[in-house]
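Good morning, and thank you for coming.

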Amino acid sequence: MAEKETLIRFRNADIMNGESTVLFSVDLTVQRGDFVYIVGKVGTGKTSIIRTVTAENRLGGGSAEACGYDLGNIRTRDIPYLRRKIGIVFQDFQLLMDRTVEDNLRFVLESTGWKNGQETDRRINEVLSAVGMSHKLHKMPHQLSGGEQQRIAIARALLNRPELIVADEPTGNLDAETAEGIMQLLKRINGEGTAIVMVTHNRSICERYPGTVYECRNETVEKISGDDAQD
């Protein structure tokens, strides 16, 4: 069987938060189609890993690659191209509150170089259909529930057909039933071939929706489930 493409590879990587190193000597691998959790207590560096992947935080040492880019030496002008390969989902949705769902999505596409109006309309309809939100096209974000806003945020993350989605506590602001729906949606997207890296403090989610689990603790990261995990 052919080896899967590696999308993220950290080797002996030091992870920064501002000017401080928060994680040392991190080894982490994500391949195409993987579902990976990053767990740990508040303040242990989980989100800093995500920000390193998207080149928001600089790499402190070691080596790290994401979607074909060397994160230790990435040029500023290449960062937007890296981020087009990565869909990002936030805990607090980060929708633009002054425009409709449709215009939120159109803004992202136009900002990333889509110029053909018909193709843009088609892609908006495709991603809204994928997350079950086609009927919310003309709603304003404040007219949506938290779960609906997160589904729109996931649709936004899908717009440029990313190889990878990184999700930072995507169920953190949702009730249990709504969170289940979001997890089922993420698992379905993953089953269609998109790798997902999800930061969460909710260990029960990892048990109900199995994947590879990395834990941040004691200023480093340990693989606690998945192939080659430590017992």
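The accessible surface of the chain amounts to about 11,500 Å², and carbon and sulfur atoms contribute 44% of it. Such areas come from the Shrake-Rupley method with a 1.4 Å probe, and for residues only the protein chains shown count as cover. Please note that this is a predicted model, in which local features need pLDDT of at least 70, side-chain atom pairs count only at pLDDT 80 or more, and totals for chains, interfaces and linings use all residues. Residues are numbered from 1 along each chain as its sequence is written, and side-chain values use heavy atoms, with hydrogens and water left out.

Of the 231 residues, 48% are buried, meaning under 20% relative accessible area, where over 50% is exposed and anything in between is partly exposed (1.4 Å probe, protein chains only). The chain contains seven helices and ten strands; these are DSSP runs numbered from the N terminus, helices being H or I with at least four residues and strands E with at least two. Its radius of gyration is 17 Å, close to the 17 Å of the globule rule for 231 residues, so the chain is as compact as a globular protein of that length. The radius is taken over C-alpha atoms, and the rule is 2.2 Å times the number of residues to the power 0.38. Along the principal axes, the C-alpha atoms fill a box of roughly 50 × 40 × 40 Å. Among contacts (heavy atoms within 4.5 Å) with a separation of 6 or more, 68% join residues 24 or more positions apart.

Let us now consider helix H4, residues 117–130. Its 14 residues reach 20 Å from first C-alpha to last, close to the 20 Å expected at 1.5 Å a residue; the expected span is 1.5 Å times one less than the number of residues. Which residues of H4 are buried? They are Thr120, Arg123, Ile124, Val127 and Leu128. Seen down the axis of H4, these fall within an arc of 130°, so they line one face of the helix; the arc is that of the directions from the helix axis to the C-beta atoms. An α-helix has 3.6 residues a turn, so residues three or four places apart point the same way. The buried residues of H4 pack against helix H3 (101–111) and helix H5 (146–158). At the start of H4, a side-chain oxygen of Asn116 comes within 2.9 Å of the backbone nitrogen of Gln118, and after the helix comes Gly132, with a positive phi near 75°.

Helix H6 covers residues 176–191, and its end C-alpha atoms are 22 Å apart, in agreement with the 22 Å that its 16 residues should span. Its buried residues include Ile182, Met183, Leu185 and Leu186. Among the elements covering the buried residues of H6 are strand E3 (35–40), H4 and H5. Asp175 caps the N-terminal end, with a side-chain oxygen 3.1 Å from the backbone nitrogen of Glu177. Following H6 is Gly193, whose phi is positive, near 115°.

Finally, two threonines in loops. Thr194 sits between H6 and E8 and, at 13% relative accessibility, counts as buried. Thr200 lies between strand E8 (195–199) and helix H7 (203–208). Is Thr200 buried or exposed? At 0% relative accessibility, Thr200 counts as buried. Its side chain reaches the backbone nitrogen of Asn202 at 3.0 Å.

Terms used: A polar contact is a pair of N or O atoms within 3.5 Å; within protein, one must be able to donate a hydrogen and the other to accept it, and residues adjacent in sequence count only if both atoms are side-chain atoms.
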